[in-house]
Amino acid sequence: MIIAERKPLEEIRGMISGCKRILVVGCGTCVTICWAGGEKEVGILSSQLRLVRLASSREGKKLSIVEAVVERQCEKEMVIEELRDKMQDVEAILSMACGIGVQTVADVFEEKPVFPALNTTFMGMPEGEGVWTEKCGACGDCMLYWTGGICPVVRCAKGLLNGPCGGTRKGGKCEIDSEKDCAWVLIYRRLEKQGRLDLMRKYYEPKNYRAVKRPGKIEALEA
Amino acid sequence: MTRPFRETLRTKDFIVTAEAGPVKGINTQKMIEHIELLKDKVDGLNVTDNQSAVMRYPSVGACLLIKEHSGEPILQVTCRDRNRLAIQADLLFAYSRGIKNVLCLTGDSIDVGDHKEAKPVFDLDSVQLIHVVRSLNSGKDMVGNELDGGVDYCIGASATPSADPIEPQLIKFEKKLDAGVDFIQTQAVYDLDEFKRFMERARKIDEKVKILAGIVPVVGAKMARYMNENVPGISVPQYIIDELAQAPKGTGVSKGIEIATKMIRQIREEKICDGVHIMFIGREEKVPEILEAAGI
């Protein structure tokens with residue numbers, strides 16, 4: 001899933017400054033699960049924005065907010081279905097989805113400015129209560145079968161393909177963060193457990209950065 | 001010190017290299033003084049490549065200064081700041097100007113440096129970089145295109161004897177040797193028993209490769225603690241920190257030199273490895289003192 005974090009209130013406030021009526025739209029999928037842009041977060045942000053607007057002597061205008069949640073903001077049909085009747089007098093849309101959702105909404109409602117209320121951070125998974133960790137970098141050339149199902153491309157801070165750097169800390173922690181595990185120590189331990197350490201001894205060629213031609217596009221019907 | 005480093009590796013019993021850290025700026029005078037001071041006392045002078053991810057005068061520039069002053073430079077190349085095209089181009093340039101030794105490194109993380117918002121490159125890793133240099137040495141670029149005039153680098157790599165756990169590091173070490181290196185300069189060594197254990201295992205992997213133990217003198221307990229926290233790959237054991245802490249005020253530098261000297265002597269007398277690589281960052285002028293005290 002896609003993980004995101006909400007932008008600071010000040011930054012969001014700056015984006016919508018001057019607007020009298022906005023739509024705040026959340027997304028019911030990934031960002032709901034990572035507590036960044038679901039129904040609850042739409043409600044909280046909307047209240048905060050109304051309050052700061054009320055408290056602002058300079059702007060002095062009341063802010064009218066339409067709240068909505070699209071189940072998957074990255075799907076045009078769902079965006080149209082959910083939002084088409086809510087756009088009346090809306091001057092701008094504040095999207096609480098990942099960058100994909102923001103762009104989908106922007107494509108659908110081309111005449112309206114669409115602002116991102118979140119920073120999309122990575123692709124990952126819930127690791128525990130309120131903790132999400134990065135797992136995949138969408139490199140287009142998956143090597144997880146060599147590395148015991150642990151991705152060195154994103155879980156090693158340097159994306160090294162042939163083993164740990166010399167900066168690994170005591171106990172197998174990462175050079176840049178003593179709280180984070182060195183991905184290569186994790187890979188070593190898992191492959192050892194599986195009796196497949198020979199895979200770690202294998203030489204991995206420099207990565208093919210053209211595995212996905214950027215910007216990426218897949219046309220399944222043509223294939 | 002005009003002898004090619006490759007020949008030194010072949011013929012000399014105890015090899016000594018030192019590190020010269022480039023200036024942040026263009027006032028190269030102090031660097032030149034260090035080069036003049038060290039060039040005849042050591043077999044090779046390493047120049048760091050934006051060491052600790054701090055932007056500085058380039059490694060290749062300082063290596064040229066060493067050449068100009070009749071020293072034997074060892075160009076350090078990290079994978080952090082340049083992609084595969086830039087690295088190969090720089091290697092061609094350096095060799096064309098008489099720089100014939102290269103140390104292939106991953107590079108410290110951007111996060112420890114002074115440009116923390118920079119994009120880390122790491123297009124290659126250190127093992128791949130060794131393969132790339134080997135390819136250039138064979139007269140072809142890394143994708144197989146013929147070079148109009150090839151290179152013949154003497155290739156080095158690093159190892160981390162104090163790593164915990166050591167096994168993943170040893171696997172990487174083996175991959176570096178398989179890729180083809182002429183010498184190893186290790187990260188800082190402090191615990192000689194631990195280093196001996198590393199050497200035993202390293203020798204099982206390769207009997208012949210020249211291994212130089214990294215010597216980083218620490219000149220105070222506070223510095224040691226700081227280095228443990230902030231300098232990647234450094235792990236000063238508690239007993240050395242205690243020894244430094246007990247040294248009378250103002251004697252930290254001489255105590256640090258004394259500890260380093262003792263280690264070098266022991267490494268040499270017991271033939272633990274093939275030499276030492278002294279990294280006295282910011283105090284390069286003290287290196288001759290260490291060498292003299294160690295009887296080199």
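**A helix pair in chain A**

Modeller: The domain assignment divides chain A into domain 1, which covers 2-122, and domain 2, which covers 137-201. Please keep in mind that this is a predicted model. Between the C-alpha centres of domain 1 of chain A and domain 2 of chain A the distance is 38 Å.

The part to look at closely is the pairing of helix α4 (residues 76-83) of chain A with helix α5 (residues 99-108) of chain A, whose axes lie 10 Å apart and which pack at an angle of about 65 degrees. Where α4(A) passes α5(A), the crossing is right-handed. On the side of α4(A), the residues that take part are Lys76(A), Val79(A) and Ile80(A), and these meet Thr104(A), Val105(A) and Val108(A) of α5(A). Sorted by class, this contact of α4(A) with α5(A) is made up of 4 nonpolar residues, 1 polar residue and 1 charged residue.

As for the surroundings, chain A also touches chain B, in a contact that takes 24 residues from chain A and 30 residues from chain B. On the chain B side of this contact, the elements that give two or more residues are α5 (126-137) and α6 (167-179) of chain B, and α6(B) gives the most, with 8 residues. By class, the side of chain B that touches chain A holds 10 nonpolar, 9 polar and 11 charged residues.

Key
Residues are numbered from 1 along each chain as its sequence is written. Chains are lettered from A and ligands numbered from 1 in the order in which they are written. This is a predicted model: local features need pLDDT of at least 70, side-chain atom pairs count only at pLDDT 80 or more; totals for chains, interfaces and linings use all residues. Axes are lines fitted to C-alpha atoms, for helices over the stretch in contact, and angles run from 0 to 180 degrees between N-to-C directions. Helices (H or I, at least four residues) and strands (E, at least two) are DSSP runs, numbered from the N terminus. A crossing is left-handed if the near helix is turned anticlockwise from the far one by less than a right angle, and right-handed if clockwise. Two residues are in contact if their C-beta atoms, placed from the backbone, lie within 7 Å. Ala, Val, Leu, Ile, Met, Phe, Trp, Tyr, Cys and Pro count as nonpolar, Asp, Glu, Lys and Arg as charged, and the others, Gly among them, as polar. Domain bounds come from an automatic or database domain assignment.
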